[in-house]
Amino acid sequence: MTSGQNTTERHQTQERAYLEIFGRMGTLIAELKNLSTTGAFLEIIQGDYIPQKGDLMRVTVPLESLGRTHSVNAEVVWGKSLGVGICFLNRQETMTKMLTRNRTQ
C-alpha cells in the first residue's frame, strides 16, 4: 500500500449537512455523499465560501429518521470544485490544530 491510500470502507449516503468553518461567519449547506469511520466526502450546495485544504470545521448532520442530530469536528484534506474531502478530528486534535494555526498566522 502506498502512502496516502485510504482503505477505510466508505458508505454512500445523501444526508444534508451543515458546515461551520472555524474563524468564518455563517453556515454552509452540503450533501454528505459518502462516509467512513475516518472521514467523508461532501458537496457544497449553498453558501458563499468553498472550504479550502486545512480549514477546520464543525459538521452537523440532522438524522431525521433517528430523531437525532450528530456533530463532529473535521479538517478539509482536499477539495475539487464544490466537493471536499474531510477527515474527522477528536476534541484534542481540533484544539491542537487551532492553536498551531493561530501561532503561524
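Modeller: For the classes used here, Ala, Val, Leu, Ile, Met, Phe, Trp, Tyr, Cys and Pro count as nonpolar, Asp, Glu, Lys and Arg as charged, and the others, Gly among them, as polar. The model is predicted, so local features need pLDDT of at least 70 and side-chain atom pairs count only at pLDDT 80 or more, while totals for chains, interfaces and linings use all residues. Residues are numbered from 1 along each chain as its sequence is written, and side-chain values use heavy atoms, with hydrogens and water left out.

By those classes, the lining of the largest pocket has nine nonpolar, two polar and one charged residues. A pocket here is an open set of points, on a 1 Å grid over the protein atoms alone, where a 1.4 Å probe fits and protein lies on both sides within 12 Å along at least five of seven lines; lining residues have an atom within 4 Å of a point. The space in the largest pocket comes to about 180 Å³, a volume being the space filled by probe spheres set on grid points that are joined across faces, edges and corners. Its lining consists of Thr-13, Glu-15, Leu-32, Leu-35, Ala-40, Val-59, Val-61, Leu-63, His-70, Val-72, Ile-86 and Phe-88.

Strands E1 (11–21), E2 (28–35), E4 (56–63), E5 and E6 (83–89) each supply at least two residues of that lining, and E4 gives the largest share, three residues. Helices (H or I, at least four residues) and strands (E, at least two) are DSSP runs numbered from the N terminus, and along the sequence the chain reads β-β-β-β-β-β-α.

Because Glu-75 lies in E5 (residues 68–80) and Lys-97 in helix H1 (residues 91–104), the pair ties together parts that are 22 residues apart in sequence. Glu-75 counts as buried at 15% relative accessibility, whereas Lys-97, at 33%, counts as partly exposed; buried means under 20% relative accessible area, exposed over 50%, and partly exposed in between, with a 1.4 Å probe and protein chains only. Two salt bridges are counted in total, and the pair of Lys-33 and Glu-31 is one of them, with closest N and O atoms 2.8 Å apart.

Methods: Salt bridge = Lys/Arg side-chain N within 4 Å of Asp/Glu carboxyl O.
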